[in-house]
Amino acid sequence: MAGYDRRDILKLGLGSAILAAMPRIAEAAPLVRVDDPELASVIDPTARARTIFEGGKWCEGTCYVPALAGLVFSDVKSNRLWLVKDDGSREPYRDPSNNSNGNVLDAEGRLVTCEHRTRRVVRQEKDGTLTTLAETFEGKRLNSPNDAVLAPDGAIWFTDPTYGITQPAEGILAEPEQTARRVYRIDPSGRLEAKSDAFDQPNGIGFSPDGRVLYVSETGGGANPEGARGIHAFDVSAEGNLSGKRIFAAYDSGVPDGLAVDVEGRVYAASGDGVRIYGSDGRMLGRIATAKTVGNLAFGGPDGRRLFIAATDVIQVIDMKVAGVEWLGRK
Ligand code: MG
């Protein structure tokens, strides 16, 4: 029955005997959908995912930490950070986590975390203590930092939409103090700079391998059908200034959330229908289909080629043929 899935057989009315003989596929198992031949250099079209964590409420903030030999991620609504090690063991990593969301390693390998509940960005020092990197801008509290990325120059960039102050399961309800939902940059010296206010709700964030293009997910359309949606790109100057805002990938429905970039510049977007994969020119290459909405994703593993996918209440991994940009800093 190659070429047919269970639904096709049901439509064809071929009967329950054939269905019973077919191997059952786990409901949440991703499937590779090919739109462009280039996808073959990214992933084996027959690749299967395996689930390494289940039972979360809203999994987010995937970040592979080589020093821990495992994946750290946020279960935002359970108010907990988890560590799932390469050996399959798991343990709470920070509990409570202040409704943490996005996580990223800084240039020294320290974990940087966006917190909804405290509306700040923190860095974990080697002794385990937390240092606040960003909490206010122009004397007013941030909205609720959502996702962060490391730039090649050592700066940390993050998005600041309002989800952590408008959704009671993800933080504490509050009126925004900021007049915009911005993209910010934390200079390596620690200075906080606003870089763009041209968003309804900025969310996922990523850099091209050379750091000269910034990608930001616009998720305003998630709550408002008239709102903006899609992945935007900017040119980044040597001084860290943005220009040339453009639509990199348009979304007809749904919204992109977390972003990842591979070493060859392709962009991977957490989406309602799985992980969408784009060439560096914005061409849709294909998709890793998932049964549940994907909130975030990250490359990692011992060789940097393992893709970790946070799909609502589970974490899945799928082996890729390329490594993510995270790998560039570790070679
Ligand atoms: Mg997000």
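**Notebook: the magnesium site and D303**

I started with N146, which counts as buried because its relative accessibility is 2%; buried means under 20% relative accessible area, exposed over 50%, and partly exposed in between, with a 1.4 Å probe and protein chains only. I kept in mind that this is a predicted model, where local features need pLDDT of at least 70, side-chain atom pairs count only at pLDDT 80 or more, and totals for chains, interfaces and linings use all residues. Residues are numbered from 1 along each chain as its sequence is written, and side-chain values use heavy atoms, with hydrogens and water left out.

**Entry: the metal**

I looked up what holds the magnesium ion and found N146 (OD1), N203 (OD1) and D257 (OD), at 2.1 to 2.4 Å. Donors here are N, O and S atoms within 2.8 Å of the metal (3.2 Å for Na, K and Ca); water is not among the atoms, so the site may look incomplete. Strands are DSSP runs (E, at least two residues), numbered from the N terminus. D257 is also buried, because its relative accessibility is 12%.

**Entry: D303**

Next I turned to D303, in the loop between β25 (294-300) and β26 (306-311). At 35% relative accessibility, D303 is partly exposed. I found a polar atom of the D303 side chain 3.0 Å from the backbone nitrogen of R305. Leaving out residues up to four places away in sequence, D303 touches A323 and W327, with contact meaning heavy atoms within 4.5 Å. I also noted 9.4 Å between the C-alpha atoms of D303 and V322, which are 19 residues apart along the chain.

Notes:
Helices (H or I, at least four residues) and strands (E, at least two) are DSSP runs, numbered from the N terminus. A polar contact is a pair of N or O atoms within 3.5 Å; within protein, one must be able to donate a hydrogen and the other to accept it, and residues adjacent in sequence count only if both atoms are side-chain atoms.
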